[in-house]
Each structure stands twice: as C-alpha cells, then as structure tokens.
Amino acid sequence: MIRKMEKILSRKYVRYGLFALGGLFLGWLLFHSNGGTDSKHTHIAQARKATIWTCSMHPQIRMTKPGKCPICGMDLIPLVQGGAVEDSEAIRFTKEATALANVQTTVVSRQQPVKELRLYGKLQADERLLQNQVAHIPGRIERLLVNFTGEPVRKGQALALIYSPELVTAQQELLETAKDKQQQPELYQAAKEKLHLWKLSDRQIAQIESIGRIKNNVEITANTSGIVTGKRVSNGDYVSQGMVLFDIANLSSLWVMFDAYESDLPFIKKGDKISFTIQALPGESFEGAIKFIDPVIDPTNRVSKVRVEIGNHTGKLKPEMFATGIIKANLSEYKNKIVVPSSAVLWTGKRSIVYVKQPNTEEHIFKMREIELGPKLGDSFVVEGGLSDGEQIITQGTFSVDAAAQLEGKPSMMNSDGGKSSAEHNHGSMPGMDMSSTGNQSSKQATTSAKRMATIQHATFKVFGNCESCKKRIEDAAKSVKGVVLASWNMTTKKIQVEYDATKTGIDVIHSAIAKVGHDTDRQKANDKTYNALPNCCLYRK
C-alpha cells in the first residue's frame with residue numbers, strides 16, 4: 001500500500017515539473033517574440049522619422065509625408081538624411097534636384113590668360129593718298145574732260161580745258177622773247193618760268209613755241225592717279241587761282257579704322273597683330289598690324305580709333321565696307337592666375353560671388369564665396385583672389401543654387417550675411433531639425449517660401465541691335481537697374497531675358513534703361529540724338 005502511494009506521488013511531481021517547464025518555455029517564447037516586434041517597430045519608426053519628402057525642383061521644401069509640391073505641384077520625393085550639413089552657411093542639394101536644375105561644376109586651375117578683343121570698324125581711304133586738283137590760273141572752264149565722280153584718272157591725264165586772259169598774255173610774252181632768246185636769254189627764261197608757275201609742263205610750253213601762236217584754251221592735267229571722289233565744277237564756271245576742281249583718292253592702299261572702347265585700350269598696343277573679316281567678302285580673312293592708336297577718346301561715342309593698313313592692288317576692297325577684327329592679347333601681368341567661366345559668376349553691385357562645392361564629401365553641398373575679379377577674357381574671367389587651385393565651383397545653374405540659398409536664409413547674392421529671414425519665413429524643416437511638425441505647418445511654411453520666390457520675376461522682350469558691342473551695351477544697361485539679377489541678350493533673335501526682384505524694380509524701368517543707351521525695345525524707342533551717337537556698326541535702323 002505504501003509503495004503504491006509512493007508511485008502515485010512520484011508521477012504527480014513529474015507532471016507538475018513538466019507543466020512548470022512548459023510554462024517557462026511558453027513565457028520565454030512570448031516575451032522574446034514581443035521584444036523582437038517592439039525592436040522591429042522601433043527601427044521602422046526611426047526609418048520613417050529619418051525620411052523627409054522634398055521637391056526635386058524646389059529643394060527648400062521639406063515635408064514629413066508624401067504629397068504635392070505647394071509651389072509647382074510636382075510629386076514629392078523622399079530625402080533620406082545622411083547626416084546634417086556641418087557648415088550652417090552651406091546649402092545641400094539632392095542628386096535629383098542637382099540633375100533637374102542642370103547644375104554643373106568645374107575644377108578651377110591656373111592658366112596663361114589670353115584676352116580676346118572683338119573690334120568693329122570700316123574701311124577708309126588712306127588720308128596720305130588723298131589730293132585736291134586745283135586751278136593754278138584764274139579763268140573760265142570751257143570743257144570738262146572728266147564728268148562724274150568715281151571715274152578713274154591717271155597722273156598727267158587732261159581733266160579740263162580752261163580759258164584764261166592772264167595765260168594768253170603770258171603766251172604772248174613767251175613768243176616775243178623766244179624771237180630774241182639768243183640776245184636776251186634772261187627775258188626768255190623769265191617768260192618760261194612764269195608759265196611753269198602756272199603748272200604748264202615743258203611739253204605744253206614747247207608745243208606753244210613750235211606752233212608759234214597763242215592757245216586760247218589750256219589743259220589742266222591730273223597731279224596723281226586715282227579715283228575721282230568729288231567733282232566741284234561744271235562747264236562754264238569761272239574759277240579763281242587755287243580753287244578746288246576735283247577730289248582724287250588713290251585706293252591702292254586703304255586704312256581699316258576700328259573702334260576700341262576705353263576699357264579695351266589697356267590691352268591694345270602698337271604693332272599687335274589683328275585678324276579681320278570684311279562683311280561684304282564672306283569666307284575671306286585678312287591680317288594686319290596696328291599702325292596707330294588715336295590718343296584722344298571721342299567724347300560722343302567713347303571710343304578711340306585703331307588703324308590698320310592693308311593693300312588693295314586688286315581693287316576689290318572699297319571704302320566704307322564694314323570689318324570685324326579680333327585681337328588676342330597675352331596678359332603677361334596675369335600669368336598663372338586662376339581663370340573661371342563667366343557663367344560661374346554672379347554680380348551684385350561691387351560684389352562678385354561663386355558657389356564652391358564643399359570638399360571631402362560625395363554629397364552636393366555648396367557654399368557662397370566672394371571673389372575678386374580681374375579682366376574679362378571673352379567668356380571667362382581672371383580671378384585675382386578668393387579661389388584656390390583645385391577647388392570645384394558651379395559653372396552652370398549658379399542662379400538656381402543662389403535662389404535656393406535665398407529661400408533657406410543662407411548667405412546669397414542678395415543677402416551676403418544670410419540674415420535669418422527664416423525666423424519669419426521658415427522654409428520647412430532642415431537637416432538635423434525636429435521633423436515632428438504637422439503636415440499643415442509644413443504646408444504653411446512652403447506657401448510662405450512660394451510667396452518669397454514669387455518676388456523674383458522672369459521676362460523676355462525684344463531689343464534692337466546688331467553686334468557684340470550692342471550686346472554688351474544692352475546687358476550692362478539692364479544690369480544697372482537696381483533689382484536686376486540676370487540679363488542676357490540674343491543677337492540672333494533680338495530678345496533679352498531678364499530676372500529681377502519685383503519688390504525693387506519693374507519691367508518698364510528696365511525698358512527705359514535700355515532705351516536711354518540708344519536701343520529701341522518693343523515698348524520704348526531711343527531718342528534720335530542718342531541713337532545717332534552710336535558707332536556705325538550699331539546703327540540698326542538702316
């Protein structure tokens with residue numbers, strides 16, 4: 001009986017032990033499973049918290065959930081934070097925003113600067129080869145042997161027949177003294193010398209002696225060969241001694257007179273080679289050396305004349321033809337200076353800025369930097385200070401990056417200090433900030449950003465002009481207006497694109513500034529006095 005009770009108790013304890021072990025296992029399984037789930041949920045929450053939604057075209061937009069951009073309506077894209085921007089003045093772009101804004105960068109380097117100067121001018125007759133054919137004796141024009149301008153003449157050719165009473169008397173004296181020239185040679189020589197002073201040639205004097213009678217009409221002969229450029233008299237006119245009858249120009253050699261602005265003169269010197277083309281002779285190129293630089297600036301056009309000489313033995317070059325010349329000046333004083341494309345530079349008053357890509361990172365992080373510019377080299381600038389060799393700067397899309405910096409309250413072209421306008425206009429949560437704000441708050445912030453961006457306006461309108469000089473004059477006039485941040489005139493379409501701050505200026509002010517320098521727009525016309533003072537190559541109303 002006792003043994004039977006022991007067996008029953010033994011089985012009972014075993015059963016309780018098994019139950020206890022099963023309970024412990026089940027508890028471990030449940031708690032372990034719940035712990036993993038909690039950990040998993042924690043990681044998911046952190047991942048969600050680390051995801052910010054932004055617009056690829058407007059990187060200043062920051063949302064805590066997906067949706068539409070309040071500025072352009074595009075779908076927002078996720079921006080996973082890879083760490084905060086260490087420099088509070090730098091601006092971060094996503095890869096998508098960088099691609100869509102077409103932001104491109106270039107590594108700067110030191111170069112041997114070569115400044116390309118483009119000059120405009122026209123051909124003129126060589127002043128040293130111009131002559132006036134005058135009447136050496138008073139009388140009446142009996143007959144003109146050259147009747148129109150443009151007619152070629154050669155030296156010694158008869159130009160007109162003239163009747164002169166004084167010359168008739170002088171011929172009589174010659175014939176009388178010729179009879180007694182053996183006995184009175186002095187009188188004979190004096191009579192001949194008198195005819196010589198009236199520009200009669202030895203041949204003409206000998207002819208008078210040989211025929212033995214007076215010639216009523218005497219020929220006036222050309223002093224030089226060339227083209228008649230001016231006819232001052234007609235048949236039957238009475239002329240006095242020294243009166244101009246014809247203007248004659250020898251066109252075997254011509255001058256090319258280029259207009260050089262005072263800003264270009266420091267880079268031009270006598271002896272420089274210049275290659276040029278003639279508008280009337282497409283496909284042909286010419287080359288010459290600068291022979292003379294006018295030391296006086298024209299007070300009306302603000303240019304100095306630069307002279308190049310060119311032979312014209314074939315006669316295909318004509319005075320008043322338009323010419324375009326290019327000088328490549330080596331700037332030895334700027335040797336081994338850094339050179340940057342002009343598209344990389346933004347101007348605002350006296351400040352010139354670029355955006356530098358931050359080193360030692362694969363992310364698209366840029367920071368504004370002021371630089372000191374030297375001379376302009378065509379489509380590039382010499383940099384005097386502010387950049388180091390090997391740094392990477394934005395060369396395309398600079399304005400887009402600057403606009404984003406303005407909206408985020410970072411230092412920018414319009415605000416060098418970066419003022420915390422973000423306190424008043426919070427443009428959404430930035431990297432490193434608490435992203436727990438509601439979607440409504442983010443939407444309000446984005447709307448504020450959109451209102452601020454709306455102050456930067458874009459306009460395109462027509463401006464009339466001809467050449468590179470016109471382009472520089474038009475763009476400089478537009479940029480001189482306070483609030484204009486970008487101006488680019490297309491020589492082919494005759495249209496200018498401008499970006500301006502609508503709170504500081506208006507489109508009519510820009511039209512007026514361009515018209516004041518002599519260029520018509522589709523709204524305003526330049527006054528005739530200013531227009532007529534432009535260089536000949538810029539006169540577009542022809």
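**View 1. Glu-475, a buried residue in helix 8.** In this predicted model, Glu-475 sits in helix 8. Is Glu-475 buried or exposed? Its relative accessibility is 12%, and since buried means under 20%, Glu-475 counts as buried. Leaving out residues up to four places away in sequence, Glu-475 touches Ala-487, Ser-488 and Trp-489. Take a look at Trp-489 here: its backbone nitrogen is 2.9 Å from a polar atom of the Glu-475 side chain.

**View 2. Helix 9 and what it packs against.** Helix 9 covers residues 507-516, and its buried residues are Ile-507, Ile-510, His-511, Ala-513, Ile-514 and Ala-515. Which elements do these buried residues pack against? They meet helix 8 (468-479), plus strand 26 (456-462), strand 27 (484-490) and strand 28 (495-501). Just past the end of helix 9, check out Gly-518, which has a positive phi of about 110°.

View 3. Now for a sheet: the strand order is 7-14-12-9, and the pairing is antiparallel. Strand 7 (130-134) and strand 9 (152-153) are the edge strands; each has a single partner strand, so one side of each has no neighbour in the sheet. In general, strands of a sheet pair through backbone hydrogen bonds.

**View 4. Strand 7 meets strand 14.** How many bridges join strand 7 to strand 14? There are five, and strand 7 and strand 14 (residues 244-249) run antiparallel.

How values were computed:
Residues are numbered from 1 along each chain as its sequence is written. This is a predicted model: local features need pLDDT of at least 70, side-chain atom pairs count only at pLDDT 80 or more; totals for chains, interfaces and linings use all residues. Side-chain values use heavy atoms; hydrogens and water are left out. Buried means under 20% relative accessible area, exposed over 50%, partly exposed in between (1.4 Å probe, protein chains only). Helices (H or I, at least four residues) and strands (E, at least two) are DSSP runs, numbered from the N terminus. Contact means heavy atoms within 4.5 Å. A polar contact is a pair of N or O atoms within 3.5 Å; within protein, one must be able to donate a hydrogen and the other to accept it, and residues adjacent in sequence count only if both atoms are side-chain atoms. Two strands pair if DSSP finds at least two bridges between them.
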